[in-house]
Structures are given as structure tokens and as C-alpha cells.
Amino acid sequence: MIIVNNRDKIEWHKGITVRDVLNAMGYDFPVIAISVNNEYISPDDFDSFTVPDSADFKAIHIMHGG
Amino acid sequence: MFHHNKIYARNVAGMTDILESRIIGIAGCGGLGSNAAIALARAGIGRLILADYDYVEESNLNRQYFFKFDVGKAKVDALADHIRHINSDIMLELHNLKLEPDDIPRIFGDADILIEAFDRAEAKFALIDRWCKEFPQKPLIVGNGLSGCGHTNELKVVKAGQLYFCGDEKTDIEMGLCSARVAIVANMQANVAIQLLLGGGKI
């Protein structure tokens, strides 16, 4: 099981990538920051970084404004 | 040095000695950056690295830490003047330029912590990506969702590794911006930075 944003749960399977988790969550935000077990994951690695079982997965949608 | 300064006589015990030796970078000196910088100056930070390409306009005065007499000045210069009027011993490094990701290591490499204070989500993210790749151990405190009015209880801090997101994660700039809410989030960013410099603990 992968815990997303301390709230949602995604079934884990071997080889599941960051991209797979985002797709499973239906997250298609254009600007999103990801960490897995407190490690920042760049979009360059969304298709290659495999998420471990029981991972703490954070997906933060970045908003305009400052 | 700072602990001899009466400005900080009412600071929390021990914080002045720590903060005066620390460096914070602020990327963007608008609503978030200007208010965060002033909070950090009043807290006793030793050195600030400020970067912004923009100039003060009258429409900034509803939320940014500027005054009518600042209109037309570079934001970094106007903000530096206000900080010097609080404590002229704070070391200031000013960069009046449009930050590109490749500038981040050169300009903010000395900083213990970076505060993100841009307007556009894409620019915020470009900063996040570059900072995290370049400095994976250093915190970056991001303003994320500060538009609209009220709804104070929806403002929070979310930690994601070295990233700390301050705001409501949902309001967008097209809703308009209110002085109080912008300043709350800016001060949340400054408050998180101070806590991390003082040793962390639960945010």
C-alpha cells in the first residue's frame, strides 16, 4: 500500500513508478511537486523512479501567487 | 554582536545568537518576499540574500512591504532600505535581476535556507526542481495558496522532505490578493525558517 498525502491509499505492486501513482490518483496538474519517503523526485524521474511498498507519497499542486 | 543590540532584547532566549550567524535567501521580493524579509530582519537574522527583477508600483502597496515613496525603485533596493532602518548591521546581498534556474546555485549557494516567493507556479516549480537537485539537504520554504480573504484556518504547513509548503494549497492569484492573508503566509514562511535554524522539531 502507498499512502498519498497522508490520506489516500494506492495498491502497491512491484515496479510501480511515480507516474503510475499520479495516474492512479487522477492527478494531471501541470505543476506538481512530488516526494517519496521525504525524498524529492524530479519530473525527469517520474517514469523511472519506483515507489517502495508502504511509501509516504506526497503530491503538492503548486498554485500561482506570491 | 546582535546580542548587544537592544532591538533584540525581547527575543526568545538564545535565538539571537543563533540567527545572527545564519543566512537566508529570498527569491522574489513581492508580497511574500518583502514581508518575510522584514519578519526575519526583526527576528535578528545575520545575512539576507534578496533577489527580484521588479520595480515598486502603486498596485503593490495593498500587500507588499513598500510605501508610496518607494514607487519606481527596484524592489531589492527599497526593501534593503527598510531593513537597514530596522537594523543596519544585517548583511544584505542584493540581486536586481530576473532569476533563472541556472542562477540559483551562484546566488543562493551560501544560504542555509531558501524562501520561495515568486508569483507564477511555473517559476516556483523551476526553483524547487533546481534547488532540490543542487542542494538536497537544504530546506526550501514555498508559498503555496495565499489568495482571497479570510479562511485563516485553512492555512497550514505541509512538509515533503526538504520542502515546506505554506498556504492553503488551493487558492489561486486570479481570486485577488488581500494584505492580511499574504502577510500571514509570508510570516509562516519566516516562522518555519526561524524554527529550522533554531533546531527544528515538529513544525
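At what angle do H2(B) and H3(B) pack, and how far apart are their axes? I looked this up first in the predicted model, and found an angle of about 20° with the axes 10 Å apart; axes here are lines fitted to C-alpha atoms, for helices over the stretch in contact, and angles run from 0 to 180 degrees between N-to-C directions. H2(B) and H3(B) are therefore roughly parallel to each other, given that angles under 35 degrees count as roughly parallel, over 145 as roughly antiparallel, 65 to 115 as roughly perpendicular and the rest as oblique. Ser34(B), Ala37(B), Ile38(B), Ala41(B) and Arg42(B) of H2(B) make the contact with Leu79(B), His82(B), Ile83(B) and Ile86(B) of H3(B), where contact requires C-beta atoms, placed from the backbone, within 7 Å.

Conventions and confidence. I number residues from 1 along each chain as its sequence is written, and letter chains from A and number ligands from 1 in the order in which they are written. For this predicted model, local features need pLDDT of at least 70 and side-chain atom pairs count only at pLDDT 80 or more, while totals for chains, interfaces and linings use all residues. Chain B has a mean pLDDT of 96, with 99% of its residues at 70 or more (pLDDT is the predictor's confidence in each residue, from 0 to 100), and the model scores ipTM 0.95 and pTM 0.96.

I then followed H2 (residues 31-43) of chain B to H6 (residues 179-197) of chain B, where the axes come within 8 Å and cross at roughly 45°, which makes H2(B) oblique to H6(B). This crossing of H2(B) and H6(B) is also noted as right-handed. The residues of the contact of H2(B) with H6(B) divide into twelve nonpolar, four polar and no charged (nonpolar: Ala, Val, Leu, Ile, Met, Phe, Trp, Tyr, Cys and Pro; charged: Asp, Glu, Lys and Arg; polar: the others, Gly among them).

Sheet of chain B. I read an open sheet of seven strands in the order E3-E2-E1-E4-E5-E7-E6 (chain B), with mixed pairing; helices (H or I, at least four residues) and strands (E, at least two) are DSSP runs, numbered from the N terminus, and two strands pair if DSSP finds at least two bridges between them. The edge strands are E3 (91-95) and E6 of chain B, and the twist averages 15° from one strand to the next. Four bridges join E5(B) to E7(B), which run parallel, and Leu140(B) has Leu163(B) in E7(B) as its bridge partner. H2(B) lies across E1, E2, E4 and E5 of chain B, running at about 165° to E1(B).

Sheet of chain A. Here I found an open sheet of five strands, ordered E2-E1-E5-E3-E4 (chain A), with mixed pairing. E2 (8-10) and E4 (39-41) of chain A each have a single partner strand, so one side of each is left without a neighbour in the sheet. E3(A) and E5(A) run antiparallel and are joined by five bridges, and Ala33(A) has Ile60(A) as its bridge partner in E5(A).

Interface. I lastly checked where the chains meet: 34 residues of chain B are in contact with 15 residues of chain A. H5(B) gives the most to the side of chain B that touches chain A, with eight residues.

Conventions:
Left-handed = near helix turned anticlockwise from the far one by under 90°. Contact = placed C-beta atoms within 7 Å.
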